[in-house]
Amino acid sequence: MTQMKSRIDGLKDKLVLDVSDILIEILDASGLSRQFTNEDTRENREAMLNLRNLYEMALKFETSHGRELGEFIAYLEILDEMGKNPPAARILEENAVNLMTIHSSKGLEFNTVFVTNMAKDRFPLFRGGVEPLIPIELIDLYRDLLKQDFSSRSKRLSAIRELKREIKLEEERRLCYVAMTRAREHLYLTLGIQYGQRERHPSEFLVDIGHDNWRAVDQDEVDVPDITYLRDSEVSSREVIRDSEIERIKTHRKKLVIESLDSGSFEESMGHLLVYHALRDGNGEDYLDIINSNWGELDPAGHAKEILDRDGSNEGIPPPSDVTFSVSAVNTYLECPKKYELQHILGMPTRDMEKSDGAMNIGSFVHKVLEKAVRQKVSTKKQLDEVTLGLVKEDKWKWVDMVKAKPLLDVFWQRNKDSIQNNMMVEKRFTVLLGDHQFKGFIDRVDLIPGSDNKVEIIDYKTGNEPGPVERSRQLLLYAHGFEHMYPEYRVQKLTLELLAKEKPRVYELDGEEYTASRVKPLDNDALSDMVDAADNILHDYRYGFDRIDDDLVCKRCGYNLYCG
Ligand code: SF4
């Protein structure tokens, strides 16, 4: 209790923070952020994704409503009352059937989709749903109707009911459209001919797409363009038969097992359980032996070992088939596999994340200015300043700290004013195959080398520290490889890190098979194959779990340490 009280007291000091930042403090102080990372199970991953969703809601709330925790809680309560809770995060399995409501399928796509229950009064459904919180007098859709004169109250109510029904029908129609458009290749729309004792007509949404003659179909299949009608008359389920004497005893015995678990008597529970199993399996003799035997003959540890061994040899969770790797993701993985999972798979928030309000993202701002300025091929400092001022006026960048950004832009101008005119392209994305894996990258700028018609210089802007030699090799060699893959007619002659916060840029030049630079070692040509190995390991860990690094110093500096420990 003392510990909990001191944690809550500690949180009081954080109330001055934005609601999303307070949320991170609460996750950390309550231990919730660590609760789900020890065991790599589907449930734990989904729990983590739900924490992330909550954080993202807080971020959105900040930009549109305000920073106060109390207001955010009130907002969540209103959502709850309106039945508008966001759907819980679910991990989709690629090679499995995913069951979901249409609402939670929004934004997703699948090769094959089944929409079931396409029967009248089942879909569209007119019952259910939440009554609007706002009185209908204030809703535009009802305004014209409410102005009309009705001869009696009951006629008025009936007209309102009819309009509500129409509105609901349109909502359901939109929902049906969402469901049908989730399918990339095949869409199956199914309905039962009978539900219980009643025969049902097809949904009017099926009629809308031309399925109006289902009773006339007497062949097994009728083909019309793009649609195949298929009537399956095989009886695949039967009515549940009434309980026999033995079924009743089994049900009773099951109840006794549960009750005896509460009573705390192990022998009694085991007795009921064994009788239940004997009845269920119809193999009384063996169980009778066990019942009559000494309890000491039961060996739960042996069974547990058997189960654990089986679990250890399983195939794990299959990795997604379309993972694309980046240099920064590989760097993160090689620093700590767990960090890769938290950052690149689960996307968990941290204390030092950049916020979209631009307060911290000087790097992004400088990149944006340089992209625009180089694209326009500015030829004077005044033009560069105009580009800068134009961006600062935009909402996204209005909080950027210009005192810190300006010196970086000045350095850029001093070093680049004579080379901007050589520019060929900016902000170039690429994807390239390394080994069996797709790698992607984002090149800031490509210039044609003066005096040549096929040699280029790739330039990457850095507004912070220079990456270490290993990271430099990975990034620059991947960029060169990716660029030459896209434009085989060009040769990358120079690879430049434009270090705007340092005295000089770092320039590597192709010399034979190597990229060399003064005062440092050449780029390591093995870096690309090392990245392929790392990608193999990442896919392995998708299956069997991502380990934590055992290095307190690294963990201390790591922004994700609120999830570890
Ligand atoms: S705190 Fe340590 S173990 Fe956890 S993600 Fe960071 S580096 Fe990895």
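Cys336 is buried, at 10% relative accessible area, while Cys564 comes out partly exposed at 24%. Here buried means under 20% relative accessible area, exposed over 50% and partly exposed in between, with a 1.4 Å probe and protein chains only. Counting disulfides as pairs of cysteine sulfur atoms within 2.5 Å gives a total of zero. The model is a predicted one, where local features need pLDDT of at least 70 and side-chain atom pairs count only at pLDDT 80 or more, though totals for chains, interfaces and linings use all residues. Numbering runs from 1 along each chain as its sequence is written, and side-chain values use heavy atoms, with hydrogens and water left out.

On the whole-chain level, 33% of the 565 residues are buried. The chain has 21 helices and 13 strands, taken as DSSP runs (helices H or I, at least four residues; strands E, at least two) and numbered from the N terminus. With a contact defined as heavy atoms within 4.5 Å, residues 24 or more positions apart supply 63% of the contacts that have a separation of 6 or more.

Some space-filling terms first: on a 1 Å grid over the protein atoms alone, a cavity is a set of points where a 1.4 Å probe fits but cannot get out, whereas a pocket is an open set with protein on both sides within 12 Å along at least five of seven lines, and lining residues have an atom within 4 Å of a point. Points are joined across faces, edges and corners, and volume is the space filled by probe spheres set on them. Out of its 25 lining residues, Ser328, Asn331, Thr332, Gln343 and Lys462 sit closest to the centre. Elements giving two or more residues to this lining are H14, H15, S9, strand S10 (455–462) and H19. By class, the lining has six nonpolar, nine polar and 10 charged residues, with Ala, Val, Leu, Ile, Met, Phe, Trp, Tyr, Cys and Pro as nonpolar, Asp, Glu, Lys and Arg as charged, and the others, Gly among them, as polar.

The largest cavity contains about 70 Å³, and its lining includes Phe36, Arg45, Met48, Lys338 and Glu341. Helix H4 (42–64) and H15 are the elements that give two or more residues to that lining, which splits into four nonpolar, two polar and five charged residues.

Salt bridges (a side-chain nitrogen of Lys or Arg within 4 Å of a carboxyl oxygen of Asp or Glu) number 26. One of them joins Lys381 and Asp410 at 3.2 Å, N to O. Lys381 lies in helix H17 (residues 381–392) and Asp410 in helix H18 (residues 402–416), so the pair ties together parts 29 residues apart in sequence. Lys381 is partly exposed at 26%, and Asp410 is partly exposed at 27%. Another bridge pairs Arg445 with Asp447 at 2.8 Å, N to O, and here both partners are buried. Arg491, partly exposed at 37%, meets Glu484 at 3.0 Å, N to O. Finally, Glu25, Asp28, Arg34 and Arg351 are linked in a salt-bridge network.
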